[in-house]
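Work through each task before reading its solution.

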Amino acid sequence: MRPTVKLDPVAEFYLYDFVYRNRNLFRKPQIPNRQSFGFYFVKGEAAPILRSYSRFKGAIAEGRETYDNYVYFDVASYFNHIYHHHLVEWAERLGASKDDVNALGKFLREIKGGDSFDCLPQGLYPAKMIGSAFLSFIEESSRLHAARIFRLMDDIWLFDDDPNLLISDFLTAQSLLSQRGLNVNEEKSKILIGHDLDAEIPADIDEMKVKLLQRRREALQDSGGYFGEGEEFEEVELEDLSEEEIEYLISLLKTGSIQEEDAELVLTLMRDAGADINDYLPALVKDFPGLAKRLYYFCLHYHDRAAVADALSSHLKSGAKLTEFQLFWFAKIVEDQLLKNHKAGELLMCLYDHESATPISKAKILEIPEMRFGMPDLREEQLRIGQSGWPAWAAAVGTRGNPKGKRNHLLKYFRKTSSMNRLIGEFVEQAF
């Protein structure tokens, strides 16, 4: 479901501002044999998460080769169980100013209507930074004695040659978590004693796939970005694929039961290949809701935009349930690639009126400054009903394509509804 919380613009800005102003609290750990990867600042810049992830995976591989035993676990529904007061105490303990501590507490309390749990917004980068830093008590604890401890957010690995020590550490870690209202995810936890690396290698992975996976990792690392999949990826120049590599990737599509990781590999590496995969686009659109954002970046470069429009149209009309994540990124595909296609108006209305549409997915459409397809009427409807929320704010921004007189007339009434509307209305009037 990709549970990203979309706060109002000022609240979201506050969270970024809090983290950046207090970036000295988000530092790389200094304990040599205990490492936390990602979600910290280096020389005032956030560490690129994909490079951190790559180093994390490399550390795990090295640990598995070096030590006889390991324990892996993560925190069950971590963000849903973080307690408001624990976060406030964390900020105070690490040295945030009194004003920042009080403001953070008020912010967390008010965005959840006073609820104490599930108060840290999911999906926002600064919230991830806070969530990762909060768990630093794991690697900092003197009660844990494993030879190596590696953590990325709530994914935690312990390595040692002594199995009894590892089991003791695992129980201690559970105790440390439970003191903060958190629990280990039992289904994902693993305690491997004397593990056999060769036996753990998937039987179906071949030399070509290993080579392509390495190329994928290098391409994504070069993209950098806070989120691991940012707009920077669009600008990365991918090395040309050989005919053999293209045929291999297309063969993955031909299987008819392609796995998500293989579909992601195809979308990442075939972006610039120029190969024709029109026959497989409908399946890529339909079968992999979690890859909607990766599909967007692929479509930015795909040569046959009519085929993309047909695949989206077919899926939207199929009656299938769609997530907000899919609807948002499908709208982005239309906005950035398909507005000149003859199906553009039909696609926009299908997305806007879809039974699974949400205020956020509708807002994505309303902010497009399109003057055709009845879009001005949709925006005017939102601006006149006196609401203050993402659809209305997006509709206001969408009027930037309107004649100045008409736009300012609409915004005059929109601005009277709330202080947020007034702020956004003034911005649109002055910026455009």
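**Exercise 1.** Which side chains meet in a salt bridge with an N to O distance of 2.8 Å?

The model is predicted, so local features need pLDDT of at least 70 and side-chain atom pairs count only at pLDDT 80 or more, while totals for chains, interfaces and linings use all residues. Residues are numbered from 1 along each chain as its sequence is written, and side-chain values use heavy atoms, with hydrogens and water left out.

Step 1. A salt bridge is a side-chain nitrogen of Lys or Arg within 4 Å of a carboxyl oxygen of Asp or Glu. Side chains of opposite charge can pair when their charged atoms come close.

Step 2. The side chains are those of lysine 343 and aspartate 310, at 2.8 Å from N to O. This pair links distant parts of the chain, 33 residues apart: lysine 343 is in the loop between α16 (324–338) and α17 (344–353), and aspartate 310 is in helix α15 (residues 305–316). Helices (H or I, at least four residues) and strands (E, at least two) are DSSP runs, numbered from the N terminus.

Step 3. Accessibility is stated in three classes: buried is under 20% relative accessible area, exposed is over 50%, and partly exposed is in between (1.4 Å probe, protein chains only). Lysine 343 has 19% and is buried; aspartate 310 has 37% and is partly exposed.

**Exercise 2.** Lysine 364 forms a salt bridge with which residue? Is lysine 364 buried or exposed?

Step 1. The partner is glutamate 367, with the closest N and O atoms 2.3 Å apart.

Step 2. Lysine 364 is buried, at 5% relative accessibility, whereas glutamate 367 is partly exposed, at 28%.

**Exercise 3.** How many salt bridges does a search of the whole structure find?

Step 1. The search finds 18.

Step 2. One of them joins lysine 286 to aspartate 287, with 2.7 Å between the closest N and O atoms. Lysine 286 is partly exposed at 48%, and aspartate 287 is partly exposed at 38%.

Step 3. Salt bridges can also form a network, as they do among Asp17, Arg21 and Asp100.

**Exercise 4.** Where is glycine 38, and which residues is it in contact with, leaving aside neighbours within four places in sequence?

Step 1. Glycine 38 lies in the loop between β1 (34–36) and β2 (41–42). Its relative accessible area is 1%, so glycine 38 is buried.

Step 2. Contact means heavy atoms within 4.5 Å. With those neighbours left aside, glycine 38 is in contact with Ile49, Ser52, Ser132 and Leu152.
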